[in-house]
Amino acid sequence: MHAVSISGTGVFTPEQTISNAELVAAFNAYADRQNALHADEIERGEREPIPQSDEGFIVKASGIESRYVLDKTGTLDPEIMHPVLPERSDDELSVMAEMALKAATVALEKSGRTAADIDAVICAASNHERAYPAIAIEVQQALGINGFAFDMNVACSSATFGIQAAADMIRSGSARAILMVNPEICSAHLEWRDRDCHFIFGDVCTAVVLERADLATAPGRFEIVSTRCLTQFSNNIRNNNGFLRRTREGHMQDRRDMLFRQEGRKVFKQVVPIVIDLILGHLADEDLKPGDLERLWLHQANKGMNDMIGARVLGRTPEKGEQPNILQDYANTSSAGSIIAFSKYSDDLEPGALGVICSFGAGYSAGSVIVRKAA
Ligand code: COA
């Protein structure tokens, strides 16, 4: 079995941002219009008015202050309330592949690798913009990579599951080096007209180059000590959109369940203990103690969740910088969140330093990757 390195990471961040103030102003304008439109029904008690959203609530409940998006214009237009992304022809690069190429270019450069060194591409994301051909194969072709490529989806845990899949293939010898990308167009599966969740997501893409440790040369690389993944079925985060939609009555209606929805409070309460047990169990199996960890790069969904997980895993309140959050600027970027944190907050660690990359979300699913900074 070969040891595996994470040799380079890359983050593509879209140019446009939406602050909480802009988001709330657009939502409240939408709510006012809807309430005016349905004033008679509301008056007769046949319809509930849409309540206003509130910046203070959003920051307090989630820690999110802003988010990056591919298109803010449509999203902030009270008559549209979703991103507007012009359709591309089959001969043009898809949106996800375009994002992936930008993140991959950085990750390849950091790892000191070129397309010729890579044997496979995995596109691990919570939504794929089409059924097939795989986005990963499009990325493979665009970069001129030989070998094979495939898409996989484990919702917010896609990146850590992707790391485990890639690491297992490298360990067993079926690939020398693998490019794993996480293009997340979360803005397109978010219901911006629902105040319970309209603040949650942002768009981004991360990329990770994994390779055989004995071939790795990049300064600042990490070795994977081990990986651990788990799933446990839950309906508390769900999106019912799918290819059977056309086969059912009312198929193409604008239905709430065809976008992201969740029971946020239940998710918070149920997922936090799953993640704490996963990390502590994983460390114990490796004969490691929480005190051996110098950093936790957690999934970026909710600041309160991360504070709780960090405190329970370390057995104390994490010191500043020990558990970096990026969600205040990026919001929840699904599978990419923990990789953004890892990419931005790992260069300062000394050789030998241990840390955990951990993501969690729909499924439920959770993945833990213990890494050690290489000498
Ligand atoms: N503005 C003002 N009030 C709002 C609001 C908004 N944008 N959104 C919801 N509220 C209201 C609710 O209607 C509710 O009112 P009520 O008490 O009168 O019923 C109240 O605020 C509390 O709402 P609740 O949904 O219980 O808040 P919360 O503290 O659970 O925070 C989340 C909501 C989504 C931030 C939080 O549950 C969370 O992050 N959960 C984990 C989610 C997660 O990790 N998901 C993974 C996704 S991949």
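Biologist: What share of the contacts with a separation of 6 or more comes from residues 24 or more positions apart?

Modeller: First, this is a predicted model, where local features need pLDDT of at least 70 and side-chain atom pairs count only at pLDDT 80 or more, while totals for chains, interfaces and linings use all residues. Residues are numbered from 1 along each chain as its sequence is written, and side-chain values use heavy atoms, leaving out hydrogens and water. A contact means heavy atoms within 4.5 Å. Among contacts in the protein chain with a separation of 6 or more, the share from residues 24 or more positions apart is 77%.

Biologist: Is Met 169 buried or exposed?

Modeller: Met 169 sits in helix H6, residues 158-172 (helices are DSSP runs of H or I, at least four residues, and strands are runs of E, at least two, numbered from the N terminus). Beyond residues up to four places away in sequence, it touches Ile 122, Phe 148, Phe 150, Ser 174, Ala 175 and Ile 178. Buried means under 20% relative accessible area and exposed over 50%, with partly exposed in between (1.4 Å probe, protein chains only). Met 169 has 15% relative accessibility, so it counts as buried.

Biologist: How many of the residues of strand E7 are buried?

Modeller: E7 covers residues 203-212. Strands pair if DSSP finds at least two bridges between them, and E7 pairs in the antiparallel sense with E1 over 8 bridges and with E6 over 9 bridges. E7 is largely enclosed by the rest of the structure, because its buried residues number 10 of the 10.
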